[in-house]
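Biologist: Thanks for sitting down with me. Could we go through this model together, one residue at a time?

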Amino acid sequence: MGTAVRENSEYRQRVSRRPGRLEPVPDARSEPSARARPVTLAAAPRVLLLNASYEALTALPARRAVVMLIGGKADVVHDHPTEVVVRSVGTSVKVPSVIRLREYVRIPYHAQIPMTRAALMHRDSHRCGYCNARATTIDHVIPRSRGGAHGWENCVASCAPCNHRKADKLLSELGWELRAPLVAPRGRTWRLVSQLREIGPHWEDYLYLDAA
């Protein structure tokens, strides 16, 4: 389950765009043909921050990402495909989708990954664990009313019809089986994914979501 793993060394060999500094862009008000979409910093999308080793660290507010780029602490790895632009009195800059630190920082490793809706949906690839339809809910395999725990090994992504049909029954009572074993994911970036509500453009190339 999850997104296929790409080793850092392999990805670095595939990068065709040389990371660069944040560059000012023309003012769309003076260039009607510009495709950039102006927004305020508060409304701009979050930016994925990578370590110097291309390991995903966190999702930054656009303001913090812009400050790091202007201050020379990070480089742009991927621009945002919709060319989101933020403006100050004197300049306009594009908000990137992914940036990378110039210097490596060591991050303490935490083995236990908190289970959140977002992380569980990513673990199960947004597919129902019973019928493989598009998942929209989370189901407890052993219902909580019958002693089931709220954890990785007892929760599964589910479509609404399956969740409704199953109700508080056991799988053995319905003759159902899970499509795959339920396991807790492992890996540094799963902790980041558990805190995200959505994945930005190009982010999945750096989120090594391997639950095995």
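Modeller: Gladly! Helices (H or I, at least four residues) and strands (E, at least two) are DSSP runs, numbered from the N terminus. This is a predicted model, where local features need pLDDT of at least 70, side-chain atom pairs count only at pLDDT 80 or more, and totals for chains, interfaces and linings use all residues. Residues are numbered from 1 along each chain as its sequence is written, and side-chain values use heavy atoms, with hydrogens and water left out.

Biologist: Is Leu178 buried, partly exposed or exposed?

Modeller: Leu178 sits in the loop between helix H5 (171-174) and helix H6 (188-193). Buried means under 20% relative accessible area and exposed over 50%, with partly exposed in between (1.4 Å probe, protein chains only). Leu178 has 27% relative accessibility, so the class is partly exposed.

Biologist: Which residues of H2 are buried, and why do they line one face of the helix?

Modeller: H2 spans residues 62-70, and its buried residues are Ala62, Ala65, Val66, Met68 and Leu69. They line one face because, seen down the axis of H2, they fall within an arc of 160° (taken from the directions from the helix axis to the C-beta atoms).

Biologist: Which side chain of opposite charge is nearest to Arg100?

Modeller: Arg100 lies in strand E7 (residues 96-101). Arg100 is buried but has no salt bridge, meaning a side-chain nitrogen of Lys or Arg within 4 Å of a carboxyl oxygen of Asp or Glu. Lys and Arg count as positive and Asp and Glu as negative, while His and the chain ends are not counted. At 5.2 Å, the nearest side chain of opposite charge is Asp75.
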